[in-house]
Amino acid sequence: MNLQQYFPVLLFIVVATLIGFALLAAGRLLGPHRPYEEKLSQYECGFEAFGDSRMKFDVRYYLVAILFIMFDLEIAFLFPWAIANGTIGLVGFWTVMVFLAILTVGFIYEWKKGALDWE
């Protein structure tokens, strides 16, 4: 295994990290730093904080998050498949069909649980 091929990737990571830290340090050194009580207080959508921060959320919020991740992953996996569809043959086609079937089962589950119904 030739590790010299990965040197540009390592260099990119190091340079990006240095630039990130340099920008954070520049902002800290050059920016105004005048904290006061109202600026440091917690707020919730422009209002004073109310209620306990450890309150329970309805399960539908989590189901919607799962639904978003499910479709996000679907699109992320379907783009490369669509580009290479001509070269992967029937095995690749049926693999993606199984993948889509699993995602469809997840979508039907969320639908039956009522995650798509807003009251």
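Predicted model: local features only at pLDDT ≥ 70, side-chain atom pairs only at ≥ 80, totals over all residues.

Student: Which pattern does the protein follow along the sequence?
Tutor: The secondary structure comes to 4 helices and 2 strands. Reading along the sequence puts these elements in order, and the pattern is α-α-β-β-α-α.

Student: How are α3 and α4 oriented, roughly parallel or roughly antiparallel?
Tutor: Two packed helices are described by the angle and the distance between their axes. Here the axes of helix α3 (residues 59-83) and helix α4 (residues 85-113) come within 11 Å and cross at roughly 170°. Angles over 145 degrees count as roughly antiparallel. That makes α3, relative to α4, roughly antiparallel.

Student: How many nonpolar residues does the contact of α3 with α4 have?
Tutor: Sorted by class, this contact has 3 charged and 3 polar residues. The nonpolar residues in the contact number 20.

Student: What kind of aromatic pair do Phe71 and Phe107 form?
Tutor: The structure holds 4 aromatic pairs. For Phe71 and Phe107, the ring centres are 5.7 Å apart and the planes stand at 70°. Planes over 60 degrees apart count as edge-to-face, so this pair is edge-to-face.

Student: How many residues apart in sequence are the parts that this pair ties together?
Tutor: Phe71 lies in helix α3, while Phe107 lies in helix α4. The pair therefore ties together parts whose separation in sequence is 36 residues.

Student: Which residues form one aromatic cluster?
Tutor: Phe107 also pairs with Trp111, in a tilted arrangement with 5.7 Å centre to centre and 55° between the planes. These two are 4 residues apart in helix α4, which means about one helical turn separates them. The cluster is formed by Phe71, Phe107 and Trp111.

Student: Does Trp111 count as buried or exposed?
Tutor: Let's compare with the cut-offs: buried means under 20% relative accessible area, exposed over 50%. Phe71, at 36%, is partly exposed, and Phe107, at 25%, also counts as partly exposed. Trp111 has 52% relative accessibility, so Trp111 counts as exposed.

Student: And what percentage of the protein's residues count as buried?
Tutor: The protein exposes about 11,000 Å², with carbon and sulfur atoms supplying 70% of that area. Of its 119 residues, the share that counts as buried is 10%.

Methods
Residues numbered from 1 in each chain as written. Heavy atoms only, no water. Axes fitted to C-alpha atoms, helices over the stretch in contact; angles between N-to-C directions. Parallel < 35°, antiparallel > 145°, perpendicular 65-115°, else oblique. Nonpolar A, V, L, I, M, F, W, Y, C, P; charged D, E, K, R; others polar. Buried < 20%, exposed > 50% of the residue type's maximum accessible area, 1.4 Å probe, protein only. Areas by Shrake-Rupley, 256 points an atom, 1.4 Å probe, with all protein chains shown as cover. Phe/Tyr/Trp six-rings, centres within 6.5 Å; stacked < 30°, edge-to-face > 60°.
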